[in-house]
Amino acid sequence: MNLGLIAENANFFLKAGGYALVIFITSTAASIAISAILGTLATVRIRVIQAVIRGMVELIRGVPQVISLFFVYFGAPAFGLQFTPLQATIVSLTLWGGANGAEVVRGGINAVPRHQLESARSLGIAPLDSLRFVILPQAVRLVLPAYAGLCNMLMHSTSLGALVGVTELLKSGQIVIERAEYFHGGSPGLSIYGFLLVVYFLAGLTMNAAVVRLERRLGTATRRS
Amino acid sequence: MNGVDFEWASLRDALPSLLGGLKLTIVNSVSCIVVSVLLGYLLATLLYFRPPILWRIAAFWVKFIRNTPLLIQIYFFYFGLPEIGIRPSASVSGIIVLSLWAGAYQAENLRGAIEGLPRRLIEAGRSLGLHPLLLFSAIIVPVATRTVVPAMMNTAVSTTKNTALLSAIGVPDLTYVAMDNIASTYRTLENFLALLVGYLGIVLVMAAVARLVEWRLGRGYRA
């Protein structure tokens with residue numbers, strides 16, 4: 001291991017980690033909003049809406065993430081939209097997360113037994129209120145494990161930003177390696193990329209632990225009521 | 001600039017190179033899927049029988065692969081190994097890494113399916129006096145395979161889509177060829193259309209195959 005090289009560049013890596021975090025948090029937050037809206041709409045029994053949402057979701061899910069990223073960055077200018085690398089990464093990850101999340105949310109809402117809605121309606125609760133106070137709270141609990149998996153993948157996907165030139169962790173690693181090759185000769189690829197793998201691994205474990213806690217809290221909330 | 005600029009002629013000119021890339025994408029996907037499914041069974045066997053040290057290695061492998069970005073794994077392997085004197089080509093590295101990656105996911109799928117089997121199935125096998133190895137190979141694996149197919153096909157589709165990442169280390173697959181065309185001819189939309197059609201086509205075919213396999217494995221179980 002080339003620990004000296006990592007320590008030397010600690011500040012650079014920290015800054016790059018900051019970019020990765022910005023990409024992750026922004027795209028996760030935006031995709032949660034999109035998937036909540038689209039996923040709920042997809043359960044409304046209007047054929048046109050369902051078909052349109054289904055088409056968009058399948059289109060985004062059917063294409064590799066790198067390609068949607070390349071499309072947002074290199075392809076969108078053909079339609080008069082120019083993004084910076086950071087924006088392009090966030091936009092494409094948001095689209096991907098939104099499409100996959102919409103599927104998860106739709107599945108979660110459909111998994112709530114139908115009589116829940118019928119009971120709520122027959123008690124005289126308005127349609128939107130029964131969705132908000134009866135269906136969604138139950139769906140959130142059902143959806144949580146799958147959604148956590150999705151967030152995990154979004155976190156990994158921040159590394160795709162390197163391919164369009166965002167200086168996130170992977171790109172910073174490449175830069176450090178190139179510099180080391182230039183100044184000291186010999187490639188420290190194994191230690192630098194190994195270091196990045198460990199960083200992502202620890203971040204992933206931390207997130208998993210947080211999800212387990214969240215699940216436990218939501219679980220106890222059910223039992224108490 | 002006004003209007004969207006699209007020329008069928010340039011797409012026709014690019015077609016031979018794109019088809020070459022598509023072929024490599026398919027070859028990469030098929031090899032990775034085959035190796036990863038075999039690897040998945042191997043790892044799941046280790047996780048089931050838990051031989052002393054081996055199963056800890058298998059468990060750590062699955063956990064580590066599933067919690068780190070594939071792109072960095074690819075770079076680690078391809079740009080890292082020369083440091084200790086091993087220089088595999090981009091294609092070979094790509095197939096190895098992607099197989100190792102997908103193998104971890106397939107193992108996790110299988111482990112889940114095996115854990116989901118009804119307890120009484122294993123108890124019945126034991127009470128019949130089956131040897132643990134025979135119980136595993138003749139009862140547990142076949143029954144678990146039947147339930148794992150949807151998850152396994154999902155992972156296979158992800159594997160196919162992730163072959164696109166191999167273009168980052170210079171494997172001349174569909175993504176690489178299309179992006180290369182864009183760089184040299186500036187025909188952006190034509191090449192993205194080709195990518196869309198290529199990958200969606202593969203994914204749709206795989207979805208159809210998945211339904212066929214599920215139907216075939218479900219025979220004798222339907223009323």
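Predicted model: local features only at pLDDT ≥ 70, side-chain atom pairs only at ≥ 80, totals over all residues.
**Conventions**

I number residues from 1 along each chain as its sequence is written, and I letter chains from A and number ligands from 1 in the order in which they are written.

**Entry 1**

I looked up the elements of chain A and found nine helices and zero strands, where helices (H or I, at least four residues) and strands (E, at least two) are DSSP runs numbered from the N terminus. For chain B the count is eight helices and zero strands.

I then took the extents along the principal axes: the C-alpha trace of chain A spans about 75 × 50 × 20 Å, and the C-alpha atoms of chain B fill a box of roughly 75 × 55 × 25 Å.

For burial I call a residue buried if 20 or more other C-beta atoms lie within 10 Å of its own, exposed if 12 or fewer, and partly exposed in between, with C-beta atoms placed from the backbone. Buried residues make up 38% of the 225 residues in chain A, and 39% of the 223 residues of chain B.

For contacts I require the C-beta atoms of two residues, placed from the backbone, to lie within 7 Å. In chain A, 74% of the contacts between residues at least 6 apart in sequence join residues at least 24 apart; in chain B, residues 24 or more positions apart account for 79% of the contacts with a separation of 6 or more.

**Entry 2: where the chains touch**

I counted 29 residues of chain A in contact with 34 residues of chain B. On the side of chain A that touches chain B, the elements that give two or more residues are helix H4 (65-75) and helix H9 (189-224) of chain A, and H9(A) gives the most, with ten residues.

I also looked up Asn208(A), which lies in helix H9 of chain A and is partly exposed, with 15 other C-beta atoms within 10 Å. Asn208(A) is 199 residues from Asn9(A) in sequence, and their C-alpha atoms are 28 Å apart.

**Entry 3: a bent helix in chain A**

I checked helix H7 (residues 127-157) of chain A, whose 31 residues would reach 45 Å in a straight helix at 1.5 Å a residue, yet its end C-alpha atoms are only 38 Å apart; the expected span is 1.5 Å times one less than the number of residues. H7(A) bends by about 50° at Leu144(A), and the proline Pro145(A) follows within four residues, the bend being the angle between axes fitted to the seven residues ending at a residue and the seven starting there. Among the buried residues of H7(A) I noted Val143(A), Tyr147(A) and Leu150(A).

**Entry 4: a helix pair in chain A**

I found that the axes of helix H2 (residues 10-43) and helix H8 (residues 169-184) of chain A come within 8 Å and cross at roughly 155°, where axes are lines fitted to C-alpha atoms, for helices over the stretch in contact, and angles run from 0 to 180 degrees between N-to-C directions. That makes H2(A) roughly antiparallel to H8(A), a term for angles over 145 degrees. The contact involves residues including Phe12(A), Phe13(A) and Ala16(A) of H2(A), and Leu169(A) and Val176(A) of H8(A).

**Entry 5: a kinked helix in chain B**

A kink of about 55° lies at Val148(B), shortly before the proline Pro150(B). Val148(B) is itself buried, as are Ala144(B) and Met152(B), among others in H6(B).

I then saw that H6(B) and H8(B) pack at an angle of about 165°, with their axes 10 Å apart, which makes H6(B) roughly antiparallel to H8(B). Where they meet, the H6(B) side includes Pro150(B) and Met153(B), and the H8(B) side includes Tyr199(B) and Met206(B).

**Entry 6: two positive phi angles in chain B**

I noted that Arg50(B), not a glycine, has a positive phi of about 50°; Arg50(B) sits in the loop between H1 and helix H2 (54-66) of chain B and is exposed, with 11 other C-beta atoms within 10 Å. Tyr186(B), also not a glycine, has a positive phi of about 60°, and its place is in the loop between helix H7 (174-185) and H8 of chain B. Tyr186(B) is exposed, with 11 other C-beta atoms within 10 Å.

Methods:
Parallel < 35°, antiparallel > 145°, perpendicular 65-115°, else oblique.
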